[in-house]
Amino acid sequence: MKRRLCTLIAVLWCLSALSDGFFCRVRNFAADNGMLQAHISNAQQDKMGLMWYATWNGLVRFDGYSFNTFKPILSSDGTIFSNRIYNIKMTATDNLWCVSSDNRLYLFDRYTNHFTDVQKALPTLNDKKVKVLTPLKKGVTWVTFRDFSCLRLHDGNFQKGYTYWSAGCKALLGSKKILDIVQDAGGDEWVLTDRGAVCFTRNAHTTKPFRYVQRIGDKVFLLHTDGSMAVFDRRQQFHYSSLNEREDEVHYVTSTPTSLVLGTEKGVTIYQVATKQKTTHSIGKIIYLYIDSRKRIWAFSNTNDVWLISDDGTT
């Protein structure tokens, strides 16, 4: 059954909150009460609960009471050479990667309030322009540069044991573009390119330009936007097939402990890994999927409709 839920969910949540005595205080922060900068590029929260903001007037920390800004100090070591910070990401050690307006990478130590120019410390990379930061849960961060070379750093000590792949190198299969870098549920790292997928941790690759990675059990499933699939097994071999006989474009992929779930141009496809059975729900173009704690699938369409697929497969 098709459900238009956006307004209904909001109303029910509010009613539930009121019935439980829920209270929410809304506060506004602007330049005249401490924020100091109206343009915020990104925000992150550290393990202690402090909020950090990338702004056009430096790196800003908020402790729940007041704001503290860290910005350039001329002729000083341990500083950043640009007021404008375009992006920040937390490291596994609770420090911050910072990308400045000139696309340089810095590491901010939140305990010493010290900036380190990563590219100055690694001279080979001094002229590179950062495009994407991808921190992984296992404690490493991948940096993709604008020329599509990439760098793998250890969060604890970026100068020790780093890996650099130049654009179009053999390790990247001669690719001209890096599509994504992901860590699967088993901890393996995958670099997805326009020439294929590379498993960094297993020294394996496939020449199909897959776009999505999901691990279920001891198998890794790589999927292309056309629905073609490769299964990477425990013997480190790839097995190829297709989940999408209708060749509907795949827009989103997620998984449960037992199945792959695809959001496609025409609906939702559920693939049971053990039985290799597929169930298709023709409900229109799906651009996002969410699986809740009850293993129900919430499917969001490009027309703002929301569909609920129960664990028994009904909609």
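Analyst: pLDDT is the predictor's confidence in each residue, on a scale from 0 to 100. This is a predicted model, and the mean pLDDT of the protein is 86, with 83% of its residues reaching 70 or more.

User: Which elements have the lowest and the highest mean pLDDT?

Analyst: Helix H1, residues 6-19, has the lowest mean at 44, whereas strand E14, residues 189-193, has the highest at 98. Over residues 1-19 the pLDDT is below 50, and beyond near neighbours in sequence this stretch has 14 contacts in the model.

User: OK, and how many helices and strands are in the protein?

Analyst: The protein has two helices and 27 strands. Of its 315 residues, 46% count as buried, and the protein exposes about 16900 Å², of which carbon and sulfur atoms supply 49%.

User: What does E26 pair with?

Analyst: Strand E25, residues 286-291, pairs with E26 in the antiparallel sense over five bridges, and Leu-289 has Ala-299 in E26 as its bridge partner. E26 also pairs with strand E27, residues 306-309, again in the antiparallel sense but over four bridges, with Phe-300 standing opposite Val-306 in E27.

User: And which residues take a positive phi in those hairpins?

Analyst: In the hairpin of E25 and E26, where five residues lie between the strands, Lys-295 takes a positive phi near 65°. In the hairpin of E26 and E27, with four residues between the strands, Asn-304 takes a positive phi near 70°.

User: Switching topic: what is the strand order in the sheet that holds E1?

Analyst: That is an open sheet of four strands in the order E1-E2-E3-E4, with antiparallel pairing. Its edge strands are E1, residues 40-45, and E4, each of which pairs on one side only, and the twist averages 20° from one strand to the next.

User: How many bridges join E3 to E4?

Analyst: Four bridges join E3, residues 58-62, to E4, and the two run antiparallel; Arg-61 stands opposite Asn-68 in E4.

User: Last one: where is Phe-81, and is it buried or exposed?

Analyst: Phe-81 is found in the loop between strand E4 (67-70) and strand E5 (85-90). Its relative accessible area is 56%, so Phe-81 counts as exposed, the cut-off being over 50%. The C-alpha atoms of Phe-81 and Phe-115, which are 34 residues apart along the chain, are separated by 9.7 Å.

Definitions and conventions
Residues numbered from 1 in each chain as written. Predicted model: local features only at pLDDT ≥ 70, side-chain atom pairs only at ≥ 80, totals over all residues. Heavy atoms only, no water. Buried < 20%, exposed > 50% of the residue type's maximum accessible area, 1.4 Å probe, protein only. Areas by Shrake-Rupley, 256 points an atom, 1.4 Å probe, with all protein chains shown as cover. Pairing = 2+ DSSP bridges. Axes fitted to C-alpha atoms, helices over the stretch in contact; angles between N-to-C directions. Contact = heavy atoms within 4.5 Å.
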